Amino acid sequence: FIQRLLRIEVSLALKEGRISPTELCRKCLNRIKKTHHLNAYITVSEELALKQAHEAESRLSKGVSKGPLDGIPFAVKDNFCTENIKTTCASNMLKDYTPPYNATVVQKLLDQGAVLMGKTNLDEFAMGSGSTDSAFGPVRNPWSYEAAYREKSGADPDADWVIAGGSSGGSAAAVASLTSFFSLGSDTGGSTRNPGALCGVVALKPTYGLVSRHGLIPLVNSMDVPGIITRSVHDAATVLGVLQGHDVKDSTTVTDHPTPLTGLPDDFDPRNIRVGIPKEYHGPGLSQETLAQWSRVADMFEQAGFQVEQVSLPHTQHSIVCYHVLCHAEVASNMARFDGLEYGHRSDVSSSTEAMYAATRHGGFNDVVRGRILSGNYFLLKQNYEHYFVKAQQVRRLINEDFRRVFGSGVDVLLTPTTLSDAMRHTDFVQEDNRTRSAQEDIFTQPANMAGLPAVSVPTALSSRGLPIGLQLIGPAFQDRSLLTVAQWIEQKVGFAPIRYHGDAGEGEIRVDVLPSTPTVWEKNYLIPC
Amino acid sequence: MAASSAGIGTLLCKNINKQIEIFYPTNRRYTWCVIRRICTSISRFRCQGQIKRKSAPKELVGVVGLEVHAQIQSITKLFSGSQVRFQAPPNSLVSFFDASLPGTLPVLNRRCVEAAVMTGLALDCVINRKSLFDRKHYFYADLPAGYQITQQRRPIAVDGTLTYSHLGGTRRNTLITKSVRIKQIQLEQDSGKSLHDDRRGQTLIDLNRAGVGLMELVMEPDMSCGEEAAAAVRELQLILQALGTCQGHMDEGQLRVDANVSVHRPGDPWGVRTEVKNINSGRNLARAIDYEIQRQVGVLKNGGTVQNETRSFDRKSGFMPEPNLPPLIVYDRPSTAPPCVHPSQVVVLEEVRAGLPELPRARRTRLVESYDILPEHSFTLVNEDGLTDYFEAVVKETKAGPRKVIGWVNQVLLGLLHHHSLSVSQSPVTPQMLAQLLNLQENGQISSSVAKQVFQELWRAPGKTAQQIIQEQDLGIVSNTTEIHRICQKVVDSHPDQVQAIRGGNKKVLNKLMGLVQKETKGRADPVLVRSILEEKTS
């Protein structure tokens, strides 16, 4: 009864009646309980999930499915607003906050019949790269409990677990541990791809403007993108197909009709695809094993006939510094609304409005958030604005220009590592402060946010420690589909094996045979440049 | 604003899952000075008059610039779908965005853009084809997001001119026309309202106004006194009302004016400026500015220095671009708009220009040309709300010529209205009543002095017609020649000196005798007849 479930197969199983949505939902709820130690969820919406599953079941029994996601369990990072379900941002500021509306992406999934299991853990207000700075405690990487890691580390996993990455660590852990079939993360500097890589799942950051941010509690509005975490590239494409498109509530979404994502082509001609390897990404701190994976996949491309070439993105090295200025400035601005008046935590201090603000914000935010607000306000001071914010924006344009030049020269996709190495032990990770960690961990992922480009992390192998390593593909704006097509090619070639759960006697695992993907209409040579 | 006069209550704020205190501003309006009409003629101070001395040409003069916040007349707010309404129950017009719930995003209201473009065109501005939105940060309880979305770097309209006039000269009947440069017009959000309840130590917040669209108009310091500033604001008010882009009621806060005031000697650099804020009527604006100019002159003359006192605590921490709104594009023609955008989503300059209504200046010119009245008459007609309509209605229904009507409307009617602090629409004498009265005079049934008397009667007892009053009080003209002869003879007999003077060639004295005859007849005698009889008797 060992399962390796891809969502599409579950969908098929549901349709064919081999498993009911309620049964599937119960199994996921059980798994959530069994993996409670991972601390992946802040809120489990059990009652609602069962109700939705029941509704899906009655639809499917009548043969009126809402689509491929009908009855499929999913999880949502706790910085997306969910109507009548607490949305905390892993912060004391919002620990009792229940929004009155659904984020557009959540609503779209619910409209498709997907079953919401709960809200996942993160770094407070998505500020971090380890999912260790949460008011609800850190997220543990499910791979810490896998045989491969345990045998090699020889330690008790409860004492020596590795981080899930962040800030969407809970969403990545939820999918990796099969408590949900897909999840939503958010990605501002790599917050979806980073934990995706460390937890061995597929993590997509779509093009900025392709997916609505309405209802996503912002970190940096000009870089935030809802991210998609799945166990396969195909699933990521399916979910993106549902989520993408103009939203009147988000003026930064594109009004053009996006390319449908009904299926990814798999019989394109590799000789027509140019893969760029940015030389600047070969920097200090990159682990030997990650470098080896990078080379391995580059070689695979070459052997398969792709045109692989070295490219240069000279301004990438400035990306992190520039990011910190822009990020902190926007954080200072975005966090201004949390004053305890309209919603959220409010201090009892009542000597004056100013004193109430100060006490509320001191009690509501952790050190990381307060530190970013402080530096952000410094950058925004009238006398500093030109020196920091305006300069950072100029550098941002240069970074954009690097990508434009490379893609303009005919390169279709860039191949890079996602992270410097596999997941760190929690005890090692917390030796450094959040800012230093974020600067190190976001180095490969962050430039794509600066330029608003689509990027996806695909797991390629386990390290010698038994932990996943992921590689990143970056594509030109709005070429998300082409990007996923190449990602799927890697996925099929590397043969990465996600976590498998062994069924306990009597409990009854999900009995579904691995089935071939549903036939779809493949477009030939989609990536051929005109 | 007296806290004690406002009812205070607590209400569950709609759509927000937290109780916040609100107040009922029921009495608030009446605690303000309810003066909507800007009456330049009663300004206590005359331009430069109080500070200019003929002996010292380089005396200190005032320098006045204005910042005007005009609430855009629109159904919904600038970035949300909440309704815009004055005096609705507190916190009843608040969307998730207005309350700055996390995750909400601004969506620009096309109507507000159109209003700003239209206003910009009416003020001869350059319309920026691309403008940008910024966040202006400050912590204030009635600004829930902690920042205001405005247009600091690149506003929607720049470099315009506002031409305005006021009555000047020794008799205050000469029309003086000036202009002030409009630096820019920017779109921005209004804030909510907060009320400090000292008794309970609470701050009460009403977010109904939060997020209402504003046009901030920045006028260059081209004015020199309160009267000019008030006249410029009045002209702006008329333009906005004609355009329908702002209702312009100052007492309801739809038009709010802040003035920057400094003094200097002509030719010298400007002095330190102070701000006169939150002025709720044109009259108060003129007074406050003139008071501030005099105060500064006094300070400098006594050897002191002017200090900018209004900004003792600056909460602003600066600006940054609003990342949730793409650049605002205004297209020249429908054909220049991108095809992927629905026509209902774009603002086209050509279309807005075609929809511009008749502006006050054009209206005055038209009145002068079609009725052959003086420019200062047209100025008064247009500046008083509803007076043009009143005038035209009278002209339409009477045989009296427009130049005769204008005297009645601008002097007799307006004088009484001002005296009783009434607006034109509140006049007890309707245009029809006045027209009938003037017709009686034109027909020779009453004399002009009787007409004025009847007008007073109509004002006091508006239920009656002019005809009824004349009959009841026997005010009809006396054309009984015998009777008039008798009275004329009596006057001539009792004033031998005057008769002598007339006979000596001073014909003007005849008017005095005529006045005496009219006094005897209570103004009812036909003046033409009286004159000819008197001429005959004094020849």
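The second largest cavity of this predicted model has a volume of about 80 Å³, and its lining is made up of Ala126(A), Gly128(A), Thr188(A), Gly189(A), Ser191(A), Leu219(A), Tyr323(A), His324(A), Arg372(A), Ser438(A) and Asp442(A). By class, these lining residues divide into three nonpolar, six polar and two charged.

**Cavities**

- The count of cavities of 30 Å³ or more comes to eight, and the largest cavity has a volume of about 150 Å³.
- The largest cavity is lined by 16 residues, of which Asp98(B), Pro144(B), Ala145(B), Tyr147(B) and Gln189(B) are the closest to its centre.
- Seven nonpolar, five polar and four charged residues make up the lining of the largest cavity.

**The second largest pocket**

- The second largest pocket has a volume of about 1,700 Å³ and is lined by 47 residues, with Ser251(A) and Thr252(A) as well as Leu325(B), Pro326(B) and Pro327(B) lying nearest its centre.
- Two or more residues of this lining come from each of α10 (319-334), α13 (382-408) and α16 (446-451) of chain A, and likewise from each of α2 (110-122), β15 (318-321) and β16 (328-331) of chain B.
- Of the elements, α13(A) gives the most to the lining of the second largest pocket, namely five residues.
- By class, the lining of the second largest pocket consists of 25 nonpolar, 13 polar and nine charged residues.

- Because Phe301(A) belongs to helix α9 (residues 288-304) of chain A and Trp489(A) to helix α17 (residues 480-494) of chain A, their pairing ties together parts that are 188 residues apart in sequence, and both Phe301(A) and Trp489(A) are buried.
- The rings of Tyr357(A) and Phe139(B) have centres 5.5 Å apart and planes at 45°, and the pair is therefore tilted.
- That pair crosses between chains, with Tyr357(A) in helix α11 (residues 353-364) of chain A and Phe139(B) in the loop between β6 (134-137) and β7 (147-150) of chain B.
- Tyr357(A) counts as buried because its relative accessibility is 7%, whereas Phe139(B), with a relative accessible area of 30%, is partly exposed.
- One aromatic cluster is formed by Tyr97(A), Phe125(A), Phe338(A), Tyr343(A) and Phe365(A).
- In chain B, Lys452(B) lies over the face of Trp408(B), at 6.0 Å from the ring centre.

**Two residues with polar side-chain contacts**

- Gln446(A) has its place in helix α16 of chain A and is buried, with a relative accessible area of 0%, while its side chain is joined to that of Ser319(A) by a polar contact of 2.4 Å.
- Asn443(B) lies in the loop between α10 (431-442) and α11 (448-460) of chain B, where it is partly exposed, with a relative accessible area of 41%.
- The side chain of Asn443(B) makes a polar contact of 3.4 Å with the side chain of Gln445(B).
- From C-alpha to C-alpha, Asn443(B) and Asp197(B) are 66 Å apart in space, and in sequence they are 246 residues apart.

Technical notes. Residues are numbered from 1 along each chain as its sequence is written. Chains are lettered from A and ligands numbered from 1 in the order in which they are written. This is a predicted model: local features need pLDDT of at least 70, side-chain atom pairs count only at pLDDT 80 or more; totals for chains, interfaces and linings use all residues. Side-chain values use heavy atoms; hydrogens and water are left out. On a 1 Å grid over the protein atoms alone, a cavity is a set of points where a 1.4 Å probe fits but cannot get out, and a pocket is an open set with protein on both sides within 12 Å along at least five of seven lines; lining residues have an atom within 4 Å of a point. Grid points are joined across faces, edges and corners, and a volume is the space filled by probe spheres set on the points. Helices (H or I, at least four residues) and strands (E, at least two) are DSSP runs, numbered from the N terminus. Ala, Val, Leu, Ile, Met, Phe, Trp, Tyr, Cys and Pro count as nonpolar, Asp, Glu, Lys and Arg as charged, and the others, Gly among them, as polar. Buried means under 20% relative accessible area, exposed over 50%, partly exposed in between (1.4 Å probe, protein chains only). Rings of Phe, Tyr and Trp (its six-membered ring) pair if their centres lie within 6.5 Å; planes under 30 degrees apart count as stacked, over 60 as edge-to-face and the rest as tilted. A charge sits over a ring if NZ of Lys or CZ of Arg is within 6 Å of the ring centre and within 35 degrees of the ring normal. A polar contact is a pair of N or O atoms within 3.5 Å; within protein, one must be able to donate a hydrogen and the other to accept it, and residues adjacent in sequence count only if both atoms are side-chain atoms.
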